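Thanks for coming. I will take a few minutes to walk through one structure, starting with its cavity and then moving to the chain and a few residues.

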Amino acid sequence: MVKIFSLEWTTPPLVYKHKGFLNIPELVKFVRGWLSSELYLFFETKHVHKSDEDEIEVYGKRKLNEYVQYTLYVEMKAEEISEVEIVKEGQKIKTQKGRIKVTVHGTMNLDWQKRFAGNKFLQYIQDFYHRYIIKEKIEDVWQDHLMLKAVTLKSKIQEKLESEV
């Protein structure tokens, strides 16, 4: 039996917790805009709103090339949300106050078109391709690039939440 090289790699989860002012619809819009600017297709898979809680899961997919596809996931869980009015630059603004936990992680899928799927010979060729031809590109370029994108997105979300007032 041939040991097959893994076709999926996932970044460790990056977590940011924030307590204070927040605007959840604006945050989702911000994430959508950032993903779109980075050429990701945006999908919202979950949006649950309870009295003082919101739970939102979104992700973006990007086909890096014919063989590699990135997916960035953002999970937001807000609790103890209350509507508040604040005065900003002399105007009253309605916003929210509460706690939010944002988790960002990414997944890299190799052979996302399943060109090597089918029989053992093709899987052997794929394993050889991964181990000896593109191994360094997988580990030193694509994994690092995806991790950088996940860290950047988490940092941008953190900046956005910290600037809410």
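What you see is a predicted model. When the whole structure is searched for cavities of 30 Å³ or more, one is found. The volume of this largest cavity is about 30 Å³.

Which residues line the largest cavity? The lining is made up of Val48, Lys50, Glu53, Asp54, Glu55 and Lys77. By class, that is one nonpolar residue, no polar ones and five charged ones. Strand 3, residues 41-50, and strand 4, residues 53-63, each put at least two residues into this lining. Strand 4 contributes the most, with three residues.

Now the chain as a whole. It has three helices and six strands. Reading from the N terminus, the order of elements is β-β-α-β-β-β-β-α-α. So much for the order; next, the overall dimensions.

The radius of gyration of the chain is 20 Å, whereas a compact globule of 165 residues would have one near 15 Å. Along the principal axes, the C-alpha atoms fill a box of roughly 70 × 30 × 20 Å.

How much of the chain is buried? Of its 165 residues, 37% count as buried. The accessible surface of the chain is about 10000 Å², and carbon and sulfur atoms account for 52% of that. As for contacts, take those in the chain with a separation of 6 or more: 68% of them are between residues 24 or more positions apart.

His18 sits in strand 2, which covers residues 14-22. Is His18 buried or exposed? His18 has a relative accessible area of 12%, and because buried means under 20%, His18 counts as buried. Setting aside neighbours within four places in sequence, His18 is in contact with Gly98, Arg99, Ile100, Leu161 and Glu162. For a distance across the model, look at His18 and Glu139: they are 121 residues apart along the chain, and their C-alpha atoms are separated by 33 Å.

The other histidine is His105, in strand 6, residues 91-110. The relative accessible area of His105 is 17%, so His105 is buried as well. Which residues does His105 touch, leaving aside neighbours within four places in sequence? Its contacts are Thr10, Thr11, Pro12, Pro13, Thr71, Leu72, Tyr73 and Glu75.

Glu80 is not a glycine, yet its phi is positive, at about 55°. Glu80 belongs to strand 5, residues 68-88. Its relative accessibility is 46%, so Glu80 counts as partly exposed.

Lys114 is not a glycine either, and it has a positive phi of about 60°. Where is Lys114 found? Lys114 is in the loop between strand 6 and helix 2, the helix of residues 120-133. With a relative accessible area of 53%, Lys114 is exposed, because exposed means over 50%.

His18 is buried in strand 2, and His105 is buried in strand 6.

Methods
Residues numbered from 1 in each chain as written. Predicted model: local features only at pLDDT ≥ 70, side-chain atom pairs only at ≥ 80, totals over all residues. Heavy atoms only, no water. 1 Å grid on protein atoms, 1.4 Å probe; cavity = no way out; pocket = protein on both sides within 12 Å on 5 of 7 lines; lining within 4 Å. Points joined across faces, edges and corners; volume = space filled by probe spheres on them. Helix = DSSP H or I, 4+ residues; strand = E, 2+ residues; numbered from the N terminus. Nonpolar A, V, L, I, M, F, W, Y, C, P; charged D, E, K, R; others polar. Rg over C-alpha atoms; globule rule 2.2 N^0.38 Å. Buried < 20%, exposed > 50% of the residue type's maximum accessible area, 1.4 Å probe, protein only. Contact = heavy atoms within 4.5 Å. Areas by Shrake-Rupley, 256 points an atom, 1.4 Å probe, with all protein chains shown as cover.
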